[in-house]
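Please read it alongside the sequence and coordinates shown below.

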Amino acid sequence: MENERIPITKPFFGEEELRAVQRPLESGWVVQGPYVESFEAKVAAYTGAANAVATSSCTTALQVAIAALGVKPGEEVIVPAFTWISTANVVEAVGAKPIFCDVDLTTFNIDAGGVESVITERTVGLLPVHLFGLPAAIDDLLALARRHRLWVVEDCACSLGGWYRGRHTGTFGELGCFSFHPRKSITTGEGGMITTAHEDLAALARSLRDHGASRSDLQRHTQEGGFLLSDYEHVGFNYRMTDIQGALGSVQMDRVDELLEGRRQRAARYDVLLADLDWLARPTVPDECIHGYQAYVCLFRPEEPTLENVHRLHGQRNALMAELEQRGIATRQGTHAPILSGYYSQRYALKPGDFPNSVLADRLSLALPLYPQMTDAEQDAVVASLHEAAVAVTV
């Protein structure tokens, strides 16, 4: 909207980014190439992953990860019931079945204690999400996976800068998948990255993102025999990142510490400024976690939320958000619950009562503006508007 003076987020670009995207244009090599390789190397170094494989989005990264693990029709993969819909879609798209598990309303992450009850003889893997930048209870999930011989793919779309017991997200499971959408901590416009410690999975992922080719276009054009096309050993996809995106991502990674620290400082300041709003539950960060703060997501709770009062509270939350919008403050619900979507609720006859926390999170989560270049004045305006809007809707 034109009157949104303070957006929900905005990317941080400088002269370095502007110059970076010009270089591939000047070179004439704009498809996946040396700048993508540089970006991959920087993500691998930052996260501590042995391998990083760039893709066109986190959704395609997840799809490649699922394909690399050989997920088959009829198999089941456990996913959170409160997450961006692509977490479930990549399972559904290969003919497997996403099995939804409720979340912990305090962290918004999958409830590790509820996972075991939905494991069946058809379960092959877990797909936990480190939502909004906060690592899930990965130790508990890995223990479950080992006990039941399941693989783990981490959906790290939001969790660049998220650390669990000293290790970066995306380095625990067989593979991790990151997003570089403009709402993320760093951005390439659109883009994704797969991380893995397994050389065989990395090699397969590189092939699958490139139609199943045995070598990349860059390798073919820089080696003898470049006049011959590659062999194609797998059924793959065209999920390559361009070198324009790679150049942008590489420069963004050069300032990743600055960008993440800016987000954490703003989040810490929100924690202080919002402490007197007892109707708004702020993000909770367990001691073993470092939050990446892709988003600052609260829970609207003027009273204890239940399935009985959620419809009324949902109306109040939406009225509050509308008031903020009128004041030029952009907000969003945190994300959504795929179990409430028309497709999944109908296809699998899902009942909201089986996922109470995910329903409450869908209906009552509230993301506030957050970006590293946010000023004190902008943040003060958000908080002042929250107070004013709460009075206007009689929270």
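1. The lining of the second largest cavity comprises six nonpolar, four polar and three charged residues. In this classification Ala, Val, Leu, Ile, Met, Phe, Trp, Tyr, Cys and Pro are nonpolar, Asp, Glu, Lys and Arg are charged, and the others, Gly among them, are polar. The volume of the second largest cavity is about 60 Å³. Of its 13 lining residues, Lys 10, Pro 11, Phe 12, Lys 184 and Ser 185 are the closest to the centre.

2. The model is predicted: local features need pLDDT of at least 70 and side-chain atom pairs pLDDT 80 or more, whereas totals for chains, interfaces and linings use all residues. Residues are numbered from 1 along each chain as its sequence is written, and side-chain values use heavy atoms, with hydrogens and water left out.

3. Three cavities of 30 Å³ or more are found in the whole structure. A cavity here is a set of points, on a 1 Å grid over the protein atoms alone, where a 1.4 Å probe fits but cannot get out; lining residues have an atom within 4 Å of a point. Grid points are joined across faces, edges and corners, and the volume is the space filled by probe spheres set on the points. The largest cavity has a volume of about 80 Å³. Its lining includes Phe 108, Leu 131, Phe 132 and His 291, and divides into seven nonpolar, four polar and no charged residues.

4. The whole structure contains 19 salt bridges, each defined by a side-chain nitrogen of Lys or Arg within 4 Å of a carboxyl oxygen of Asp or Glu. In one of them, the closest N and O atoms of Arg 255 and Glu 17 are 3.1 Å apart. Arg 255 lies in the loop between helices H9 and H10 and Glu 17 in helix H1, so the pair ties together parts 238 residues apart in sequence. Helices (H or I, at least four residues) and strands (E, at least two) are DSSP runs, numbered from the N terminus. Arg 255 is buried at 12% relative accessibility, as is Glu 17 at 2%; buried means under 20% relative accessible area, exposed over 50%, and partly exposed in between (1.4 Å probe, protein chains only).

5. Asp 362 and Arg 363 form a salt bridge at 2.5 Å, N to O. Asp 362 is buried at 5%, while Arg 363 is partly exposed at 30%. Asp 362 is also among the buried residues of helix H13, which pack against strand S12, helix H11 and strand S13 (contact: heavy atoms within 4.5 Å).

How values were computed
1 Å grid on protein atoms, 1.4 Å probe; cavity = no way out; pocket = protein on both sides within 12 Å on 5 of 7 lines; lining within 4 Å.
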